[in-house]
Amino acid sequence: MDQYTTALLNALLQKLGEEFSDNCVLMVFSGPVPATAYAATGSATHLITYSDAGTGDPLRFDSPANAMMAKDPLQTWSGDALASGSGTFFRIVQLGDDGESAVDPDVVLRYQGTIGVVNSTWNTNKTYTMGNPDSIDQFFWVI
């Protein structure tokens with residue numbers, strides 16, 4: 001099993017923060033989880049996109065600490081549901097990436113994780129209703 005020091009994990013998260021903070025949105029989908037982060041979403045349904053206060057402005061992360069990087073506590077991550085359902089996966093994508101199309105994995109930075117109540121990247125049981133607003137109070141990026 002691989003072992004990492006907290007300092008190394010914080011350094012890796014710092015680099016992720018440099019690439020994504022103030023340059024990304026978080027998109028939630030229902031349906032089959034694509035095999036890779038660079039694959040198209042296929043038949044999955046795009047449920048919601050979270051941005052700063054639902055304006056489309058990018059999300060920010062706080063400085064890494066204790067091997068995790070939290071959402072910026074000064075931001076409200078929110079959006080309006082585009083469809084109804086429960087999420088099965090999410091993507092954090094940089095501005096300019098539609099988050100749904102297949103992309104070149106050697107060029108585009110994209111993160112994909114699973115959603116569920118146990119053994120998921122994001123443990124939540126959120127249910128979305130088309131047209132209704134939603135927000136995220138806490139989000140931690142952990143590697």
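Leu26 lies in strand β1; helices (H or I, at least four residues) and strands (E, at least two) are DSSP runs, numbered from the N terminus. With a relative accessible area of 0%, Leu26 is buried, where buried means under 20% relative accessible area, exposed over 50% and partly exposed in between (1.4 Å probe, protein chains only). Leaving aside neighbours within four places in sequence, Leu26 is in contact with Ile48, Thr49, Tyr50, Leu59, Trp77, Phe90, Arg91, Ile92, Trp122 and Phe139; contact means heavy atoms within 4.5 Å. The C-alpha atoms of Leu26 and Gly79 are separated by 9.8 Å, although the two residues are 53 residues apart along the chain.

The model is a predicted one, in which local features need pLDDT of at least 70 and side-chain atom pairs count only at pLDDT 80 or more, while totals for chains, interfaces and linings use all residues. Residues are numbered from 1 along each chain as its sequence is written, and side-chain values use heavy atoms, with hydrogens and water left out.

The protein chain contains one helix and 11 strands, and along the sequence these follow the pattern α-β-β-β-β-β-β-β-β-β-β-β. The radius of gyration is 15 Å, close to the 15 Å that the globule rule gives for 143 residues, so the protein chain is as compact as a globular protein of that length. That radius is taken over C-alpha atoms, and the globule rule is 2.2 Å times the number of residues to the power 0.38. The C-alpha trace spans about 40 × 35 × 30 Å along its principal axes. Among contacts with a separation of 6 or more, 71% join residues 24 or more positions apart. Of the 143 residues, 41% count as buried. The protein chain exposes about 7700 Å², of which carbon and sulfur atoms supply 52%; accessible areas come from the Shrake-Rupley method with a 1.4 Å probe, and for residues only the protein chains shown count as cover.

The strands can now be placed relative to one another. Seven of them form an open sheet with mixed pairing, in the order β8-β7-β6-β1-β2-β4-β10; two strands pair if DSSP finds at least two bridges between them. β8 (122-123) and β10 (133-136) stand at the edges with a single partner strand each, so one side of each is left without a neighbour in the sheet. Within this sheet, β6 and β7 (residues 110-116) pair in the antiparallel sense over five bridges, and Phe90 stands opposite Gly113 in β7.

In soluble globular proteins, nonpolar side chains tend to be buried together. A nonpolar core is here a set of buried Ala, Val, Leu, Ile, Met, Phe, Trp, Tyr and Cys residues joined through side-chain atoms within 4.5 Å. The largest such core has 22 residues, of which Leu26, Val28, Tyr50, Phe61, Ile92, Trp122 and Phe139 touch the most other members. At least two residues of this core come from each of α1 (6-20), β1 (24-30), β2 (45-52) and β6 (89-94). Apart from this core lies another, of six residues, including Phe29, Ala44, Phe89 and Val93. Ile92, one of the members of the largest core named above, is in contact with Phe20, Cys24, Val25, Leu26, Phe61, Arg110, Tyr111, Phe139 and Trp141, neighbours within four places in sequence being left aside.

Helix α1 contains Asn10, whose side chain reaches the backbone nitrogen of Ala67 at 2.9 Å. This is a polar contact, that is, a pair of N or O atoms within 3.5 Å; within protein, one must be able to donate a hydrogen and the other to accept it, and residues adjacent in sequence count only if both atoms are side-chain atoms. Not counting residues up to four places away in sequence, Asn10 touches Pro64, Ala65, Asn66, Ala67 and Met68. Met68 is found in strand β3 and is partly exposed at 32% relative accessibility.

Backbone angles supply a last point. Most residues other than glycine have a negative phi. Ala67, in the loop between β2 and β3 (68-70), has a positive phi near 65° and is buried at 14% relative accessibility. Asp22, in the loop between α1 and β1, also has a positive phi near 65°, and with a relative accessible area of 47% Asp22 is partly exposed.
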